Amino acid sequence: MQTISFKPVTDTTNYWWLLLFSGIVLIGMGVAAIIYPLQSYMALCTLFAVGIITTGFLEVLFSINNHRHYHGWIWITILGLLDIGFGVYLINFPQLSMNFLPVIAGCWMLFKGFTAMKNGLDMRNYGFFEWGWIFLTGIMLIILAVMMIAEPAYGAFNIILWTSFAIIFTGISRIYMSIKLKKYKNNLS
């Protein structure tokens, strides 16, 4: 039977602000897409790509800073690098991205939904009482992603709207996780 050590969580909490910042970036992306729904798909693709690259970079930075203390750091690094690669792809092939934006965004959000569920389960394993909120956020992301993938013909506004909600929920998940890490750190001090 594996014994859970809380020292890795203690050291991981030093970089809680990286998750907070990535959550703020994601929420900003989602709100911007709602405020400007008549912008072209090209603008959404570019905004989406830049946001994915930024959050991928922040995830890699978070995982590298915690590689000695967090057993799942390699997965966060890989996921962050995949985000960076995916964002670069979207920037380099804008016409293809515009044609498949609902499916591309839906797949990305589906992936992020499963990641949020895994993060919630990790928090449960570390003894956090409110891990269910992050897990629930992952379920909500998956539902939104499936809706985007299943019905891409709803039109530009609905695609932007669903993408915005999914991005906002991802941001909320990141912010919630960062707040919990900061609170844990403050309780240890």
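K180 is buried, at 13% relative accessibility; buried means under 20% relative accessible area, exposed over 50%, and partly exposed in between, with a 1.4 Å probe and protein chains only. The side chain of K180 meets that of E130 in a salt bridge, at 2.3 Å from N to O. A salt bridge is a side-chain nitrogen of Lys or Arg within 4 Å of a carboxyl oxygen of Asp or Glu. The pair links distant parts of the chain: K180 lies in helix α8 (residues 156-188), E130 in the loop between α6 and α7 (132-150), 50 residues apart. E130 counts as partly exposed, because its relative accessibility is 33%.

The model is predicted: local features need pLDDT of at least 70, side-chain atom pairs count only at pLDDT 80 or more, and totals for chains, interfaces and linings use all residues. Residues are numbered from 1 along each chain as its sequence is written, and side-chain values use heavy atoms, with hydrogens and water left out.

The protein chain holds 8 helices and 0 strands. Along the sequence, the pattern reads α-α-α-α-α-α-α-α. Helices (H or I, at least four residues) and strands (E, at least two) are DSSP runs, numbered from the N terminus. Of the 189 residues in the protein chain, 44% are buried.

The buried residues of α2 are W16, L18, L19, S22, G23, V25, L26, M29, G30 and A33. In α7, the buried residues include I134, T137, G138, L141 and I142. L144, A145 and M148 of α7 are buried too.

I134 also has a spatial relation to L121. The two residues are 13 apart in sequence, and their C-alpha atoms are 8.5 Å apart in space. L121 is found in helix α6. L121 is partly exposed, with a relative accessible area of 29%.

Salt bridges number 5 in the structure. Side chains of opposite charge can pair when their charged atoms come close. E59 forms one of these bridges with K112, and the closest N and O atoms are 3.1 Å apart. E59 lies in helix α3 (residues 41-65) and K112 in helix α6, so the pair ties together parts that are 53 residues apart in sequence. K112 also forms a salt bridge with D83, with the closest N and O atoms 2.6 Å apart. D83 belongs to helix α4, so its pairing with K112 in α6 ties together parts that are 29 residues apart in sequence. E59 counts as buried at 6% relative accessibility. K112 is buried, with a relative accessible area of 4%. D83 is buried as well, at 2%. Salt bridges that share partners join E59, D83, K112 and R174 into one network.

Aromatic contacts were examined next. The structure holds 3 aromatic pairs. Rings of Phe, Tyr and Trp (its six-membered ring) pair if their centres lie within 6.5 Å; planes under 30 degrees apart count as stacked, over 60 as edge-to-face and the rest as tilted. The ring centres of Y89 and F93 are 5.1 Å apart and the planes meet at 40 degrees, so the pair is tilted. Y89 is partly exposed at 31% relative accessibility. F93 is partly exposed at 46%.

A charge also sits over a ring. The charged end of R124 lies over the ring of W131, 5.2 Å from its centre. The criterion is NZ of Lys or CZ of Arg within 6 Å of the ring centre and within 35 degrees of the ring normal.

On the surface, I74, W75, I78, L82 and F111 form a nonpolar patch. Together these residues have about 480 Å² of accessible area. Areas come from the Shrake-Rupley method with a 1.4 Å probe; for residues, only the protein chains shown count as cover. Patches are made of residues with over 30% relative accessible area and no salt bridge: like charges are joined within 9 Å, nonpolar side chains (Val, Leu, Ile, Met, Phe, Trp, Tyr) within 5 Å. Helix α4 (residues 73-92) gives the largest share, 4 residues. F111 is found in helix α6 (residues 101-125). At 36% relative accessibility, F111 counts as partly exposed.
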